[in-house]
Each structure stands twice: as structure tokens, then as C-alpha cells.
Amino acid sequence: MMIRGGTAFWTLFLLVAAVTVPYYTSALASASQSSYDVVIIGGGAAGLTAAKVASTFGKSTVIVEQARMGGYCTWTGCVPSKSLIAAAKAAHTIRTAPTKFGGIQTSGNDLQIDMKAIKDKIRAKIQHIHDEDDSPQAMAKLGIDTIVGKKATFVDDKTLQLSTVGKNDNDNDNDTSLLHAKMGIVIATGASPMEPSDDLIQGLSTVPFLTYEQIFDLEEVPKRLTVVGGGPIGCELAQAFGRLGATVTHVAETLLEREEPEVSETLEKVFAKEGIQRCKGKVVKVEKDGNGGHKFTYQTSDGSKTGTGDLLLIAVGRKPNTAGFGLEEIGVQLNKDDNNCIETNDKMQTSVKRIYAAGDCTAKQQYTHYAGFQGGIAARNIVLPFSDKGVKAPEQIPSATYTAPEVSSIGLRHAQAVEEYGAKNVGVAVQSMSHVDRAICESEEEAGLIKIVYLKKNLKILGATIMGPAAGEMICEIGVAM
Ligand SMILES: Cc1cc2nc3c(=O)[nH]c(=O)nc-3n(C[C@H](O)[C@H](O)[C@H](O)COP(=O)(O)OP(=O)(O)OC[C@H]3O[C@@H](n4cnc5c(N)ncnc54)[C@H](O)[C@@H]3O)c2cc1C
């Protein structure tokens, strides 16, 4: 699956729209306005796609971004993590090539890793993507205005107050304190790393730790890295740093618990083989160890145990950015049971008629391609001058985790299908990678599977999981079949 996405659908959509657009056109955006047809808060995946759709329809459009255009995906998410994983994969390939393919010689494990050089490369890739796709200059070419370095706060359902945040990195800054939206506002404010309180992890506030916001700035591979959290981010980073030479301790009850159980079991074996030390349990306490590192206590089924490390990475989830900019004050409803994410209907419309929301702040599924897709729906429903039901967000969102082997899935897991349709109605087909010729040729046959869950009566696919090389690409074919 593409990491910079949502775009395949919207690229097609924008091409079609480009043909039909004159019908709806008003004036294109000009710089330095205080009033726009569509105002977008947040310049990440959701905001960028929303802006492109609104602008394609000829509506004057502005993005207000408090930090950096491109959002988390570009700066601290997909782009740095996939770049780091690619570097780690290269290191691993070199180390394992003699065993896997024979006849390729390396000098054992004596591989030189220069983390600063890797970091510099990653920064260069981020800058490249930002400049080409996300920057104010790139947006200007599409007729979209940007206001970077300003935080937007709601005054009412049509008006935003702008306030300066730190240093402004944008020449094109419109120094407007109030911004008016004639047609609608899209909230695309994303999500931030969860940092558990001391009630959940005793002592966390007293011990230095990193999240994904800082980890990509490391200039040295940590000697002993403790990763807390078994979700996609924790698993990807644990394996990547292990392959780059860190001694990794990974603390989590289960690896990728939302996937099929075979995936977790297989990943456990892969991690063990790669030397990642697993602590199966929940971290309940951390403290300084007196040598510049930390000691952690984790709860397991047979009591509490301890471990130590030099650097602590907390990767326990992400929370929607919905506080502190006036949402509730103007009546935008948040879901208290789901981390205060913004509630929307299928049109991505919030409880306030003129205000829409898209991306991670709606917390439905936190993926770049999905954020972009939602942003497109939100903008379309604001700008089209007639009422329609909206492009319904699909229920089957493919996802990929870039561990090795890669894991991708779509639709229902087997247990969910059984719960929904009953065990006797659900079939399951499993193919191990050990029987896939291509996997054997590439020496990737040891780990992985393809699992398809279907309805017996009509062979309708309910869900699928692929674990193996290029799983993220392969799942798309099943998506089309579904
Ligand atoms: C380490 C990591 C790896 C990931 N890998 C993948 C992957 O491989 N594939 C994938 O699909 N997804 C991945 N994701 C998820 C992906 O990054 C997010 O789903 C995506 O960035 C969401 O886009 P968004 O537009 O909703 O929010 P964001 O990208 O977070 O953008 C929101 C923007 O809003 C701005 N903002 C917030 N509040 C205000 C305000 N009041 N005023 C002005 N601006 C504001 C923020 O500064 C931010 O720039 C990863 C995430 C992380 C953390």
C-alpha cells in the first residue's frame, strides 16, 4: 500500500473534476485574503487532499498549519519510519545474504552503521517530499493559499482566530488575526503520541523517554533500547533499531494484537530469531537506574518482573488533536468513549453544519491514505452546490505494517467473522509462505501466510490477512475482489 495516499482515488476524482469544474467555478484564491470559500485547519494528509479537491472546484481555499506543511506523515510518521526501515532492511540483507543466497561474502557481523548519516538521508528525503508535494510553494501552484506557523482557534462556525506559534517558516504568511470561511471549514488537526500519565505507568514523568516525535532525530544507535507498545509503530521501530545494531527489549503483551493470531505468533518467532528480547506484559512502573538509563517493571501473568535499558521509547497509541482550539465551545461533538475524537457522519460533517472533519482527529482508522480519502469527501461535500449523501467512506480499509515480513489486512479477522456470521457459516483458507514458490526463491519462506476468511454460502470474501514480502501491495488485489 502506498504511504502517501488516499491519492489514487482522488487523483482520478480530480481529473474528472478538472473537466467538469468550470460549471461550479468562482474566483481562484488570491493571496492575503481574510475570507475564503473553504478554510482548512491542518496541513497533513487530510488537509492537503481537502484543499486540492476544494481548489479544483475553483473555490478559494486556504490551509492554516501551526507547525509544518505535510503533517505527521511527512515529518515524524510514514516518511521517516519507512526510510529508517528501508535502511535497516538493507543492513539485515547484507548480514543475512551469505546464509540466504550462498556465494555472497561479507565480513561476518562487522557491519558499520553511521546513524547520523542515516538520519541525514532521512531528513533529505523528508525535505524532498515536503518541497515537492506539501510546501506552501507546491500549494501555491495549485491555487491554494497557506498560512504556516499560526494556530487556528474557533470563534464561531464561520470564523477562526489565528495566533502565532513559534517561528514562522513561511514567506507567504498572511498576517490575519481573523479568518472567515464562506462555505465551510475542514478540521484536519491529526493526532499526537499518547503519553501515559503516572497513574498508568508510575514514574514515567520522572524518566526521560522518547516518542516517534523525537526518535528519528537520533544520531547514534542506542546501545540498549526499550520499546513499550506492541502496535504497528512499536513493532516497526523495535525491529528496525534491532537490525541497525541496538539491543532491543520489547515490552508488550502481544505483537500486533489486532491482526490474526498467526501473525502475532509468527512475529514473535521472527523477533526471537533477530535477537529482540521480548517481555510479555504491561509496563507499570519506570525509574532511573542511576547509570543514565532506566529500570522498568512489567506485569505478567505470573507476577511482576523487571528489565533495564538506556533509551526508552513509548509507543502506546495516538490521541486525536481536538483540545484547546474551541471545538466544544462552538458545539462540535467529541466522542468521549473514543479518546475525544471528532464525531462525523458519512459526509464527514460534524455536529455543526458548516464544519467538517477528516483524518486522524476523527480517529476512525489512522492511516495516511484514509485521512486523504476522508479529506476529499469533506471538501467535496462542502463545495458541491447540491445536497447528496456523500461518498460513503468504505468499511474495508486496507492497512499495512512494515515489519519484516510485512503484514497487511482488510475486512474481518476470522474471530470477528465467526462472531458476526456464526462459525458454521464462515470458511477460512490458509496458505503458508513455505509453499509459495516466489517466497522460496527469495528465501522468505520461513515466515508468513495468506489467510482468507469467507462466507461459505456464496464464497464472498469477508476479510484477508497477508504476511510476507510486499503484503501491502498484494492486499489491494483482495480489496478489489471484495
Ligand atoms: C511513526 C508513524 C508511522 C506511520 N506510518 C504510516 C504508514 O506507513 N502508512 C500510513 O498510512 N499511515 C502511517 N502513519 C499514520 C499517518 O501518519 C497519519 O494517519 C496521517 O499523518 C494522518 O494525517 P492527518 O492529516 O489526519 O493528520 P496530521 O498528519 O497529523 O496533520 C495534522 C496537522 O494539523 C496541524 N494542526 C493541529 N492543530 C492545529 C491548529 N489548531 N491550527 C493549525 N494547525 C493545526 C498539525 O500541526 C499537523 O501538521 C504513521 C504514523 C506514525 C506516527
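Guide: A salt bridge is a side-chain nitrogen of Lys or Arg within 4 Å of a carboxyl oxygen of Asp or Glu. This is a predicted model: local features need pLDDT of at least 70, side-chain atom pairs count only at pLDDT 80 or more, and totals for chains, interfaces and linings use all residues. Residues are numbered from 1 along each chain as its sequence is written, and side-chain values use heavy atoms, with hydrogens and water left out.

Visitor: How many salt bridges does that rule give?

Guide: Side chains of opposite charge can pair when their charged atoms come close. Under the stated rule, the salt bridge count is 16.

Visitor: How far apart are the closest N and O atoms of Asp-120 and Lys-116?

Guide: Both residues lie in helix α5. Helices (H or I, at least four residues) and strands (E, at least two) are DSSP runs, numbered from the N terminus. Asp-120 and Lys-116 are four residues apart, about one turn of the helix. They form a salt bridge, with the closest N and O atoms at 2.8 Å.

Visitor: Is Asp-302 buried or exposed?

Guide: Asp-302 makes a salt bridge with Lys-305, N to O 3.5 Å. Buried means under 20% relative accessible area, exposed over 50%, partly exposed in between (1.4 Å probe, protein chains only). Lys-305 has 38%, so Lys-305 is partly exposed. Asp-302 has 59%, so the class is exposed.

Visitor: Which residue in β12 stands opposite Lys-285?

Guide: Lys-285 also meets Glu-287 in a salt bridge of 4.0 Å, N to O. Strands β11 (residues 282–288) and β12 pair in the antiparallel sense over six bridges; pairing needs at least two DSSP bridges between two strands. Opposite Lys-285 stands Thr-297.

Visitor: How many residues of β12 are buried?

Guide: Strand β12 (residues 294–300) also pairs with β13 (residues 303–309), antiparallel, over seven bridges. A hairpin joins β12 to β13 through two residues. Strand β12 is mostly covered, and of its seven residues the buried ones number five.

Visitor: Which residues have the most contacts inside the largest nonpolar core?

Guide: A nonpolar core is a set of buried Ala, Val, Leu, Ile, Met, Phe, Trp, Tyr and Cys residues joined through side-chain atoms within 4.5 Å. The largest one has 39 residues. Elements that each supply at least two of its residues include α4 (78–101), α8 (232–243) and α9 (261–273). The residues with the most contacts inside this core are Leu-84, Ile-215, Phe-241, Val-248 and Phe-271.

Visitor: What is the relative accessible area of Asp-360?

Guide: Asp-360 lies in the loop between β18 (355–357) and α10 (368–383). Its contacts (heavy atoms within 4.5 Å) include Gly-190, Arg-318 and Tyr-367, leaving out residues up to four places away in sequence. Asp-360 is buried, with a relative accessible area of 13%.
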